[in-house]
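Have your viewer ready and try each task before reading on.

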Amino acid sequence: MKFNRVWLVWLVIAALLLISFIPVRIAVTFRQVPTPQAIFVLGGDFARTRFAGKFWLSRRDLDIWVSDFPQYLDEHQRILRKFGVLPSQLHLDGAATDTVTNFTTLVDDFVADNLHHVYLITSDYHMRRARVIASVVFGSRGVVVTPVAVVSGRDEDESLVRVLRDFGRCLLWIVSGRSGASLNPRLD
């Protein structure tokens, strides 16, 4: 029993050391890149996409990145094209299976495209969880977000249990490169 406690203490210390560099990296990135360079929309609600299109109208120089299930990408494209977003400015990613993988599947693309600061567009009730995930996943790679919430009409934010669960999944992703999405019983 004593071995298990010692192992747990070392695991917690290792996790804390592992994530302790993230706030420093976030602060440095905000200082180096104070203005967002792109718009990142989390799928799951086409109201977010319509909002992003309106938001883009005053920021036409920015590309828009959308992460959602593959079967919804055509609709996102159709909505954003109505606002005048050019095909060259639209990046659609259908690799994600949930909110954590919205971030993990695109973070390396953002870094490769030298995007270190993005607007994060999602629903107001979803923003707390999305910001936690962004802080860990994006922050670990030197990408920061400026949140822009879409009013949803919901009264409550997502539960703290979901936030903590996804925080743990983000730590797993940093350590192993896997988010645990394959454990989701709703996926085929």
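**Exercise 1. Find out how the buried residue Asp93 is placed without a salt bridge.**

*Solution.* Step 1: Asp93 is buried but has no salt bridge, and the nearest side chain of opposite charge, Arg169, is 13 Å away. Buried means under 20% relative accessible area, exposed over 50%, and partly exposed in between (1.4 Å probe, protein chains only). A salt bridge needs a side-chain nitrogen of Lys or Arg within 4 Å of a carboxyl oxygen of Asp or Glu. For charge, Lys and Arg count as positive, Asp and Glu as negative, while His and the chain ends are not counted.

Before going on, please note that this is a predicted model: local features need pLDDT of at least 70 and side-chain atom pairs pLDDT 80 or more, whereas totals for chains, interfaces and linings use all residues. Residues are numbered from 1 along each chain as its sequence is written, and side-chain values use heavy atoms, leaving out hydrogens and water.

Step 1: Asp93 belongs to strand β3 (residues 90-93). Helices (H or I, at least four residues) and strands (E, at least two) are DSSP runs, numbered from the N terminus.

Step 2: The Asp93 side chain has a polar contact with the side chain of Thr105, at 3.2 Å. Such a contact is a pair of N or O atoms within 3.5 Å; within protein, one must be able to donate a hydrogen and the other to accept it, and residues adjacent in sequence count only if both atoms are side-chain atoms.

Step 3: Leaving aside residues up to four places away in sequence, Asp93 touches Val66, Ser67, Asp68, Leu73, Thr105 and Leu106. Contact here means heavy atoms within 4.5 Å.

**Exercise 2. Work out where the partners Arg78 and Glu75 sit.**

*Solution.* Step 1: Their closest N and O atoms are 2.5 Å apart, giving a salt bridge. It is one of eight found in the whole structure.

Step 1: Both lie in helix α4 (residues 73-82), and because they are three residues apart there, about one helical turn separates them.

Step 2: Arg78 is partly exposed at 40% relative accessible area, and Glu75 is partly exposed at 25%.

**Exercise 3. Which parts of the chain does the pair Arg141 and Asp108 link?**

*Solution.* Step 1: Arg141 and Asp108 form a salt bridge with closest N and O atoms 2.4 Å apart. The pair links distant parts of the chain, 33 residues apart: Arg141 is in the loop between α7 (127-140) and β5 (144-150), and Asp108 is in helix α6 (residues 107-112).

Step 1: Arg141 is partly exposed at 30% relative accessibility; Asp108 is partly exposed at 43%.

**Exercise 4. Are Arg129 and Asp166 buried or exposed, and which network do they join?**

*Solution.* Step 1: The two side chains meet in a salt bridge with an N to O distance of 2.5 Å. Arg129 lies in helix α7 and Asp166 in helix α8 (residues 160-176), so the pair ties together parts 37 residues apart in sequence.

Step 1: Arg129 is buried at 5% relative accessibility, and Asp166 is buried at 1%.

Step 2: Through shared partners, salt bridges join Asp98, Arg129, Glu158, Arg162, Arg165, Asp166 and Arg169 into one network.

**Exercise 5. Locate Asn4 and relate it to Pro147.**

*Solution.* Step 1: Asn4 lies in helix α1 and is partly exposed, with 46% relative accessible area.

Step 1: Asn4 and Pro147 are 143 residues apart along the chain, and their C-alpha atoms are separated by 40 Å.
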